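Please read them with the model open beside you.

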Protein chains: 2
Amino acid sequence: MTETIPVVQHLLDANEQVARENRALFDRTRTFVVNLMSSPGAGKTSLLQATLPRLPQDVQTGVIEGDIASRLDAERIAALGVAVVQINTGGTCHLDAPMVRGALQHLDLDRLDLVFIENVGNLICPANFALGAHLNVVLASTPEGHDKPYKYPGMFRLADAVILNKADLIPWLDFDQQIFERGLRMVNAHAPLFVVSCKTGEGLDAWLTWLLERYEAFHHPNNG
Amino acid sequence: MTETIPVVQHLLDANEQVARENRALFDRTRTFVVNLMSSPGAGKTSLLQATLPRLPQDVQTGVIEGDIASRLDAERIAALGVAVVQINTGGTCHLDAPMVRGALQHLDLDRLDLVFIENVGNLICPANFALGAHLNVVLASTPEGHDKPYKYPGMFRLADAVILNKADLIPWLDFDQQIFERGLRMVNAHAPLFVVSCKTGEGLDAWLTWLLERYEAFHHPNNG
């Protein structure tokens, strides 16, 4: 099966090229873009539902929703009055840069300051496909267990921030946060870890503060 | 990128061929094989830890553990005294039939009656790669949410049985079992649904009864 390797490499190279073009477009339109990745059901849409209404009112936001099927998540976001574009990958296990480029035609980037891309629920494949985003945020959830950074190192390695969601469930789980953190630090020394509950609101302030710092640094790079 | 399609099709065809050979080997050695698939952290290893000690003592069991990294799950299974082989895919997001064929060299199939293959934690890609197993069992967990069959239809469509784990957490979640079941039935009319908690033992009897019925039908096909 060695003949497939050049083809895969060609695909990844082509993806990188389009990701760079996406990034150049985001920089030109002054749109800060966050790629949000996690397992199925870790709470990516819930994090957006908790985050978007807590942002300053003058931040114009948009969302790109990636799913292999259904519009369920896009409907949850649209209910917030936020501009949202759905990508249905038709079975593909990740978003890629060309898919995002296609979706951008449906967003008024010149007007938008901050766009979240909710990737397909998958803790493996999305890590291999750059989209052009400024930040990669990886979401884990406590019921998935504290061993996830050890078992899915590639995803946790590329995270600029890690959010550990469903903290409200910890009393009912055998979840050891120290083991989780130790595993995270084995592959990623610097990404901040935010322990949150999108349900109760616990921990969201620290995440929002960090996100807005990065957002401000992008929009006003000379203030630092 | 159209040039990649024949290559992907070639890979899938090659996988199907090896899967058929694996199946022929399992039939020849009278080994019943179950392919267990789920999201990361839904509880595949916990299901095995709950299932293996509850099987009749004369059933000789083995486990193939698929992970992209680490031996954590294999160690949990080995602690039960069950024959276990670890496959580390080195980043690949699913097991394929050739990987399983390689692992089989380390299992004494002539001695084993029942082998579980724990696939990589991924609710998408493993559905595309037959391994040669007699049963595909899909595990979901309540904290992932009741929308999973709608969002990951490919995986639920091919299930011979669906196990909904972590039933003990339902009181603390916004989980509607009717919505889950309705989504499951949209893509899979016949697979039995077992609602269980590997932690409390709730619901495991029904799963074990069904599994052993299928196991007996394999080993004694003329009794039916």
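1. The contact between the two chains takes 33 residues from chain A and 33 residues from chain B, two residues being in contact if their C-beta atoms, placed from the backbone, lie within 7 Å. On the side of chain A that touches chain B, the elements that give two or more residues are α1 (4–29), α5 (148–151) and α6 (153–157) of chain A; helices (H or I, at least four residues) and strands (E, at least two) are DSSP runs, numbered from the N terminus. By class, this side of chain A has 17 nonpolar, ten polar and six charged residues, where Ala, Val, Leu, Ile, Met, Phe, Trp, Tyr, Cys and Pro count as nonpolar, Asp, Glu, Lys and Arg as charged, and the others, Gly among them, as polar.

2. A caution on the source is in order: this is a predicted model, in which local features need pLDDT of at least 70 and side-chain atom pairs count only at pLDDT 80 or more, while totals for chains, interfaces and linings use all residues. Residues are numbered from 1 along each chain as its sequence is written, and chains are lettered from A and ligands numbered from 1 in the order in which they are written.

3. How are the two copies related?

4. In chain A, seven strands form an open sheet with parallel pairing, in the order β3-β2-β4-β1-β5-β6-β7; two strands pair if DSSP finds at least two bridges between them. Strands β3 (83–88) and β7 (193–195) of chain A stand at the edges with a single partner strand each, so one side of each is left without a neighbour in the sheet. From one strand to the next the twist averages 20 degrees.

5. Within that sheet, strand β1 (residues 32–38) of chain A is joined by five bridges to the parallel strand β4 (residues 114–118) of chain A, and A:V34 has A:F116 as its bridge partner in β4(A). Helix α2 (residues 44–51) of chain A lies across β1, β2 (61–67), β4, β5 (135–141) and β6 (161–165) of chain A, running at about 160 degrees to β4(A); axes are lines fitted to C-alpha atoms, for helices over the stretch in contact, and angles run from 0 to 180 degrees between N-to-C directions.

6. In chain B, six of the seven residues of strand β5 (residues 135–141) are buried, so this strand is largely enclosed by the rest of the structure; a residue is buried if 20 or more other C-beta atoms lie within 10 Å of its own, exposed if 12 or fewer, and partly exposed in between. Five bridges join β1(B) to β5(B) in parallel, with B:M37 partnered by B:V138, and five bridges join β5(B) to the parallel strand β6 (residues 161–165) of chain B, where B:S141 stands opposite B:N165.

7. One backbone feature deserves a check. A:R30, in the loop between α1 and β1 of chain A, has a positive phi of about 55 degrees although it is not a glycine. A:R30 is exposed, with 12 other C-beta atoms within 10 Å.
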